[in-house]
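Hi,

Here is the structure I promised to pass on. Have a look at it first, and then read my notes below.

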2 protein chains.
Amino acid sequence: MEAFAVPDVPEIEAGDDLADIVEERVDLRPDDVVVVASTVVSKAEGRTADLSEFPAGPRAREIASRLESATGDEKDPRFAQAVVEEGTELLMDAPFLLTETRFGHVTVNAGIDRSNVPGKELLLLPRRPGDSAERIHAGLAAAPPVVVADTCGRPFRHGQRGVAIGWAGMPASRDWRGETDREGHELEVTVQSVVDELAATANLIAGEGDGGTPIVVIRDWSFGDHEGSDELFREVEGDFVRQALREWHYDE
Amino acid sequence: MEAFAVPDVPEIEAGDDLADIVEERVDLRPDDVVVVASTVVSKAEGRTADLSEFPAGPRAREIASRLESATGDEKDPRFAQAVVEEGTELLMDAPFLLTETRFGHVTVNAGIDRSNVPGKELLLLPRRPGDSAERIHAGLAAAPPVVVADTCGRPFRHGQRGVAIGWAGMPASRDWRGETDREGHELEVTVQSVVDELAATANLIAGEGDGGTPIVVIRDWSFGDHEGSDELFREVEGDFVRQALREWHYDE
Ligand SMILES: Nc1nc2c(ncn2[C@@H]2O[C@H](COP(=O)(O)OP(=O)(O)O)[C@@H](O)[C@H]2O)c(=O)[nH]1
Ligand SMILES: Nc1nc2c(ncn2[C@@H]2O[C@H](COP(=O)(O)OP(=O)(O)O)[C@@H](O)[C@H]2O)c(=O)[nH]1
Ligand SMILES: [Mn+2]
Ligand SMILES: [Mn+2]
Ligand SMILES: [Mn+2]
Ligand SMILES: [Mn+2]
């Protein structure tokens, strides 16, 4: 397996066709996987904004003032307003805002970035990253699978890593259930979320700073002969951590 | 960046020297990263066991019967005993056992596997995967960084993915704080857990079944000129999810 950044990607602007931009720079094969950082998908889709577009309502002002007292840092109620508008559920309101997005992804601040945004204050996540992936996939002549990735944190472990927030042209996961181990025994529950692993691989190369390498091609990797599954985001019913967080309150 | 499985790894047995096994099969370079599935580290370290080695005490019997009533499946109290002995804290006792291991990793069943274990019923995680990584690292002439990986699940997202449980010869994370984005603005908190991303990359190739490819070499990837951090496992103080789980109880 090989992974390389698409060279010389320009600064992406609203309306840019990411499929064209990749196509002009790499001879893609049908069994490549193209991993695109959500940042450039958002830019191409015009998902930039200024704080002034989010006049804070009473709930956002309350959230911001609670955050201020929890963290000791000044918080802009307009940012809280943006997070509330982008998220469907606020799972934690202190000491940071943990949200579920419209498309089921759980992340801090509804995934709104303040870095790598030229001339604007905020970069919102793509509205439907699955559709974004589908569009890029459909726009590529070789029609390789496409993963839209973001960098985000997680419980239990420090730091952040790349995860998939949208995908097209392949299932999210390899379902190994029913297959056997080296002893011929059936495997226990084992659904391997390969789109997340592909996003993590790409992130090793894309980085977080000014590298300018938001699109990574993964070559000579194969999904293999496995059942596939497209369930990636847990529903709250089976997500005990989310249930626990709903009942929990931050104690200053 | 390139990733390939070490070819023809034999069935690993207690006492095997994994560094020798890799050395005999691959011409390693100092800037490679060697990712080793915890399964074979455990086998080499003799961390296999039978259920009969874990006679169930009263607490394990209580845990097993609670699990039985929560799931409707039969549960062996000796397995619960093994989980209790391997873990330092039981974060959830239903509908599955979520534990913290001795070395700070939060995972189901203290990471005890029942697959890919020849002749024995259980495979325990390495006792100190960081030390295991250090030993393999020290045993390799080119002294490349080594990551010990496991496959495990996570909150919010279905399925499992590779993560690092031990590492040596490199920091766990790239610390981007203080560096700038494309606009010249300082990045917000961004600690990229590259050992987890390397483990995820390796897992794409290693797989979960009878593939027989537990050791993966990552070549032509570079940590780069960044600050490093070795904090990977969150302390409970800063881990709000763990705090929430401590207070939460499963409602049948
Ligand atoms: N060429 C190019 N690179 C970009 C652009 N925007 C961001 N990047 C790069 O894309 C990579 C990922 O950026 P990041 O903000 O971490 O994206 P996220 O993980 O999707 O939030 C970094 O290497 C950035 O320098 C762009 O418009 N053009
Ligand atoms: N060659 C070889 N492969 C093994 C051995 N044990 C497990 N594997 C392979 O290692 C890979 C990972 O196994 P898995 O049980 O998922 O390891 P874990 O993720 O560390 O729990 C699979 O491809 C297995 O077939 C062994 O002793 N020898
Ligand atoms: Mn982002
Ligand atoms: Mn990023
Ligand atoms: Mn395992
Ligand atoms: Mn595995």
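Let's start at one of the ligands: an N or O atom in the side chain of Thr151(B) sits 2.8 Å from an oxygen atom of ligand 2. Before going further, keep in mind that this is a predicted model.

Ligand 2 has other polar partners in chain B too. Glu208(B) places a polar side-chain atom 3.0 Å from an oxygen atom of the ligand, while Ile12(B) uses its backbone, with an N or O atom 2.9 Å from an oxygen atom of ligand 2. Altogether 24 residues surround ligand 2. The closest of them are Val9(B), Thr39(B), Thr151(B), Ala206(B) and Gly209(B).

Where does ligand 1 lie? Between chains A and B. There are 24 residues around ligand 1, and the nearest are Val9(A), Thr39(A), Thr151(A), Ala206(A) and Gly209(A). Asp150(A) comes in with its side chain, where a polar atom lies 3.0 Å from an oxygen atom of ligand 1.

Next, the helices. Two packed helices are described by the angle between their axes and the distance between the axes. Take helix 6 (residues 194-206) of chain A and helix 6 (residues 194-206) of chain B: their axes come within 8 Å and cross at roughly 125 degrees. That makes helix 6 of chain A oblique to helix 6 of chain B. Is the crossing of these two helices left-handed or right-handed? The crossing of helix 6 of chain A and helix 6 of chain B is left-handed.

If you want to see who touches whom there, Val194(A), Glu197(A), Leu198(A), Ala200(A), Thr201(A), Asn203(A) and Leu204(A) are the residues on the chain A side. They meet Val194(B), Glu197(B), Leu198(B), Ala200(B), Thr201(B), Asn203(B) and Leu204(B) in helix 6 of chain B. By type, the residues of this contact split into 8 nonpolar, 4 polar and 2 charged.

There's another helix pair to look at within chain B. Helix 3 (residues 58-71) and helix 4 (residues 77-86) of chain B pack at an angle of about 115 degrees, and their axes are 8 Å apart. The crossing of helix 3 and helix 4 of chain B is right-handed. Helix 3 of chain B brings Arg59(B), Ala60(B), Arg61(B), Ile63(B) and Ala64(B) to the contact, and helix 4 of chain B brings Pro77(B), Ala80(B), Gln81(B) and Val84(B). Those residues divide into 6 nonpolar, 1 polar and 2 charged.

Finally, some backbone details in the loops:

- Ala94(A) and Pro95(A) are joined by a cis peptide bond, with omega near 0 degrees. Pro95(A) is in the loop between strand 4 (87-92) and strand 5 (98-101) of chain A.
- In chain B, the peptide bond joining Ala94(B) and Pro95(B) is cis, with omega about 0 degrees. Pro95(B) sits in the loop between strand 4 (87-92) and strand 5 (98-101) of chain B.
- Phe156(A) is not a glycine, yet has a positive phi of about 75 degrees. You'll find Phe156(A) in the loop between strand 8 (146-153) and strand 9 (160-168) of chain A.

Cheers

How values were computed:
Residues are numbered from 1 along each chain as its sequence is written. Chains are lettered from A and ligands numbered from 1 in the order in which they are written. This is a predicted model: local features need pLDDT of at least 70, side-chain atom pairs count only at pLDDT 80 or more; totals for chains, interfaces and linings use all residues. Side-chain values use heavy atoms; hydrogens and water are left out. Axes are lines fitted to C-alpha atoms, for helices over the stretch in contact, and angles run from 0 to 180 degrees between N-to-C directions. Helices (H or I, at least four residues) and strands (E, at least two) are DSSP runs, numbered from the N terminus. Angles under 35 degrees count as roughly parallel, over 145 as roughly antiparallel, 65 to 115 as roughly perpendicular and the rest as oblique. A crossing is left-handed if the near helix is turned anticlockwise from the far one by less than a right angle, and right-handed if clockwise. Contact means heavy atoms within 4.5 Å. Ala, Val, Leu, Ile, Met, Phe, Trp, Tyr, Cys and Pro count as nonpolar, Asp, Glu, Lys and Arg as charged, and the others, Gly among them, as polar. A residue is near a molecule or strand if one of its heavy atoms lies within 4 Å of it. A polar contact is a pair of N or O atoms within 3.5 Å; within protein, one must be able to donate a hydrogen and the other to accept it, and residues adjacent in sequence count only if both atoms are side-chain atoms.
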